[in-house]
Amino acid sequence: AWGGAKLLRTPPHPTPTPHTHRSIPLLFPFPAQISKTYGPVFTIYLGSLRVVVLCGYETVKAALVDQLPGRGGSLFPVYPGLFFSNGETWSQLRRFSLSTLRNFGMGKRSIEERIQEEAQCLLEEFRKTKGSPFDPTFFLRRSVSNIVCFVVFGERFDYDDAEFQTLLRLLNENSTPTACSLSGPQLYGLFPHLMKHLPGPHNKLFENFEEQKRYVAEMVQKHEATLEPASPKDYIDAFLIRMQQEKGNPRTIFHQENLLVSALDLFFAGTETISNSLKYGLLIFLKYPCVTRTMQEELDRVVGRDRVPSMEDRMRMPYTDAVIQEIQRFIDITPVGVPHSVTQDTHFRGFTIPKGTTVFPVLGSVLHDPTQFQEPENFDPGNFLDESGGFKKNVAFMPFSAGKRACPGEGLARMELFLFFTTLLQTFTLSSPANQELDVTPEYSGFGKVPPLLLGSGSILI
Ligand code: HEM
């Protein structure tokens with residue numbers, strides 16, 4: 001099954017932990033399933049190329065916090081934009097993006113109001129189905145995407161807007177298991193010139209990406225025409241202003257290509273992650289009606305039915321808070337993490353990782369580490385509740401990763417999950433013909449996991 005790849009165990013860690021018994025499916029260009037105990041750090045050789053895989057809370061946390069500032073490495077091409085860049089380009093884009101996102105509402109009241117309004121639009125769409133079974137995938141994706149559109153493009157789109165539909169279709173196509181399995185980008189990284197001329201799903205991925213870039217380029221043109229340097233209204237405006245300020249600097253990283261790709265990075269990273277989490281959450285609400293009922297009782301007690309939920313309510317809703325964190329832990333949507341790299345020869349846990357090596361911090365092994373969670377394979381909000389029913393933190397709750405490259409959208413994501421989930425449960429009771437027989441086993445999709453198709457196992461009836 002390894003197609004010529006060799007798996008070598010690294011020198012044993014002095015205190016091996018049991019978490020490595022989990023199987024870790026990596027989507028390599030050939031079927032590969034690592035399902036034995038290999039220790040918290042192990043190395044895969046693909047021909048002469050080396051990939052290091054890290055498992056378990058202690059190991060992943062230690063590496064992410066101090067040792068892994070780079071992205072990609074030997075297996076992946078460095079690319080413009082925020083997500084796949086390194087060095088000076090990345091650090092400047094990251095600083096700029098974080099402060100701009102903060103200025104345009106991340107963690108602020110204005111974005112909270114925007115999410116509350118969008119959640120009401122979502123309710124309207126759900127109501128239109130008049131209780132007949134439906135698949136919520138596109139409803140959720142459109143609503144969630146509109147939040148990040150507001151931040152990046154300064155506007156929300158009508159759900160049936162043709163351009164919006166196209167953008168979401170391209171995003172969806174690039175999220176399917178075939179299109180974004182690691183094989184495409186990986187082989188492209190290894191043999192970029194050859195791959196450009198070969199047929200395969202990777203071509204669709206790059207074609208779609210170019211089409212998305214053309215779309216954002218048109219948006220940028222419209223922004224240029226209306227730009228008011230004293231009052232930027234969104235991420236694109238802020239970037240254009242910075243481009244103007246740095247016009248005379250030949251080494252500036254604030255140029256058109258970085259603008260287009262960074263805008264798309266935010267759009268992509270801010271849409272699929274949250275809409276898949278919401279969709280998966282609905283499935284879990286159906287599967288565990290007791291949990292859903294307890295959440296709804298808490299909602300009735302704290303918020304009632306006469307006003308919409310707000311972020312202030314969260315502090316008084318420990319059970320809801322715990323359920324949402326447990327959903328994120330249980331579903332583990334980026335199971336193998338996002339590939340990092342070491343930017344210099346690095347000594348870690350008794351051996352050397354050469355500069356440029358690709359390193360996978362396996363977040364799934366942290367979120368399911370039995371040294372941190374009792375019965376990690378079961379869904380149990382008790383993982384985040386203390387004996388008196390108060391909210392309890394767990395250091396191994398790391399769905400957004402940790403360290404210098406940790407997700408910059410965490411604040412926004414947590415706000416969206418809380419407001420969308422509570423607004424839906426305040427208004428609707430979910431049911432499905434399949435109910436407790438529902439299969440909640442996730443499907444793998446490239447770097448991520450996605451919920452099983454609801455329609456395949458029974459639809460949602462509202
Ligand atoms: C449930 C929602 C989300 C989850 C679980 C999630 C998870 C992650 C993870 C695991 C990473 C990789 C961190 C690493 O390299 O170690 C990441 C990176 C990133 N995320 Fe998120 N994310 C979510 C939502 C968002 C949102 C809403 C945005 C933007 C508005 C966003 C923007 C990004 C960006 C730009 C990066 C790359 C950061 C860098 O390389 O410096 N994410 N996210």
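This is a predicted model: local features need pLDDT of at least 70, side-chain atom pairs count only at pLDDT 80 or more; totals for chains, interfaces and linings use all residues.
The protein as a whole has a secondary structure that comes to 17 helices and 12 strands. Of its 462 residues, 40% count as buried, and among the contacts with a separation of 6 or more, 74% are accounted for by residues 24 or more positions apart.

Around the ligand there are 28 residues, of which Ala-269, Gly-270, Ser-401, Cys-407 and Gly-409 come nearest. Two elements, helix H11 (256–287) and helix H16 (410–427), each give two or more residues to this shell, and the largest share, 7 residues, comes from H11. In terms of residue class, the shell around the ligand divides into 16 nonpolar, 8 polar and 4 charged residues.

Ser-401, one of the residues that come nearest to the ligand, is buried, because 21 other C-beta atoms lie within 10 Å and the cut-off for a buried residue is 20 or more. The backbone of Ser-401 has a positive phi of about 70°, although this residue is not a glycine. Most residues other than glycine have a negative phi. A positive value in a residue other than glycine is also found at Lys-130, where phi is near 50°. Lys-130 lies in the loop between helix H3 (109–128) and helix H4 (137–153), and this residue is exposed, since 8 other C-beta atoms are within 10 Å and a count of 12 or fewer defines that class.

Cys-407, which is likewise named among the residues that come nearest to the ligand, is placed in the loop between H15 and H16. UniProt, in an unreviewed entry, assigns the feature "binding site" to Cys-407. When the neighbours within four places in sequence are left aside, Cys-407 is in contact with Phe-400 and Ser-401. With 18 other C-beta atoms within 10 Å, Cys-407 is partly exposed, because this count falls between the limit of 12 or fewer for exposed residues and that of 20 or more for buried residues.

Phe-397 also has its place in the loop between helix H15 (363–367) and H16. This residue is partly exposed, with 18 other C-beta atoms within 10 Å. Leaving aside the neighbours of Phe-397 within four places in sequence, its contacts are with Gln-325 and Arg-329. The C-alpha atoms of Phe-397 and Val-366 are separated by 7.7 Å, although the two residues are 31 residues apart along the chain.

By class, the contact of H12 with H16 has 3 nonpolar and 4 polar residues, and no charged residues.

Note on methods: Residues are numbered from 1 along each chain as its sequence is written. A residue is near a molecule or strand if its C-beta atom, placed from the backbone, lies within 6 Å of it. Helices (H or I, at least four residues) and strands (E, at least two) are DSSP runs, numbered from the N terminus. Ala, Val, Leu, Ile, Met, Phe, Trp, Tyr, Cys and Pro count as nonpolar, Asp, Glu, Lys and Arg as charged, and the others, Gly among them, as polar. Two residues are in contact if their C-beta atoms, placed from the backbone, lie within 7 Å. UniProt positions are given in the numbering used here, feature names are shortened, and annotations may be inferred rather than shown by experiment.
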